[in-house]
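Colleague: Could you walk me through reading salt bridges in a model like this one? I would like the general idea, then the case at hand.

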Amino acid sequence: MIGCKKETNAQNRDILDTVKTKKIEVSKTNYLESLQYKSFVVSCGGGCAMTYIANNVEKDNSVFKVKFTVEMYTNEQLSDTYNETYLFFYDQTGKISKIILEGTKNNALETLPSGARRSFIEFSQNLIKATSPDNQNKSEENKFIVEKNPKKVNLPFSFYDYFNDDYSESKYPNYELKPFLIDFLKNNSYDAETYKGLVIHSDENFLYLLISILRGDSEYFVLVTTKNNVIIDYKEIGLIGDENPVTFKILPNFIIERYNGNGPNLNALEKFKINEAGKIIKE
């Protein structure tokens, strides 16, 4: 079971009843580079969330062995980091059949809550695609927005100015999101009718996106940080649509100020910062 404390049974090395007498000998090929989406986030409740980051992927026949670095956050603060290895088993049609935490007999498809199970299944689908002929030798590209050479918005970015400029697309270019990022947002409670992304920062490693999420009469603004096509962090920084809007400003040093209301000279309600690792931390 996923929880806010890792527990493994070090003495139990029988991975599956069907594999008791045969040790899985994985190939030395690491499929990590061909893996399109290398991380996913799982909520474990009570202000707890975990980011699973794949750092090694090996394959033997229809079984993938994936070593993850797991970063656990409690109330948005990093509280623990550890490693876990999972075995992904597929049937003859390529459909995932079992996901086993190494050292146990626990099948994630049977033991995890629905949200966490869905995240593991989506990762497994991405995993099987990594060895398909269409994905071999495929060049690395932006995995989050459709535009290949997006233009960045100028910082500081002020919602107050953005609003007064009537969301000008010439001044604030926005881009269509790719399905993976939309699925990531939906899995984190941002199911909506319309999504668009504004690029806050882009270089050879990092991509920071401000995502506008329109749902009914409400518009959410979520900051998403990525590194080398891996989602590092995300945070809701604005919400408008009712009588008490929460607005924001993103400064050139990636300090984010949040405000109650929408005006030119408001006092910051709270401040956050994107650090050098791409994490969004409280100032």
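Modeller: Happy to; we begin with the overall chain and then turn to its charged pairs. Keep in mind that this is a predicted model. The chain has four helices and 14 strands, and 46% of its 283 residues count as buried.

Colleague: What is the general idea, and how many salt bridges does a search of the whole structure find?

Modeller: Side chains of opposite charge can pair when their charged atoms come close. Here the search finds seven salt bridges. In one of them, the side chains of Lys279 and Glu71 meet at 3.0 Å, N to O. Lys279 sits in the loop between strand 13 and strand 14, while Glu71 belongs to strand 3, 208 residues apart.

Colleague: Are Lys279 and Glu71 buried or exposed?

Modeller: Lys279 is buried because its relative accessible area is 12%, under the 20% cut-off. Glu71, at 16%, is buried too.

Colleague: Which residue forms a salt bridge with Glu76?

Modeller: Lys235 does, with the closest N and O atoms 2.8 Å apart. Glu76 lies in the loop between strand 3 and strand 4 and Lys235 lies in strand 10, so the pair ties together parts 159 residues apart in sequence. Glu76 is partly exposed at 47% relative accessibility, whereas Lys235 is buried at 11%.

Colleague: And what about Asp165 and Lys171?

Modeller: They form a salt bridge with closest N and O atoms 3.0 Å apart. Asp165 is partly exposed at 28%, and Lys171 is partly exposed at 49%. Elsewhere, salt bridges with shared partners join Arg258, Glu270 and Lys282 into one network.

Notes:
Residues are numbered from 1 along each chain as its sequence is written. This is a predicted model: local features need pLDDT of at least 70, side-chain atom pairs count only at pLDDT 80 or more; totals for chains, interfaces and linings use all residues. Side-chain values use heavy atoms; hydrogens and water are left out. Helices (H or I, at least four residues) and strands (E, at least two) are DSSP runs, numbered from the N terminus. Buried means under 20% relative accessible area, exposed over 50%, partly exposed in between (1.4 Å probe, protein chains only). A salt bridge is a side-chain nitrogen of Lys or Arg within 4 Å of a carboxyl oxygen of Asp or Glu.
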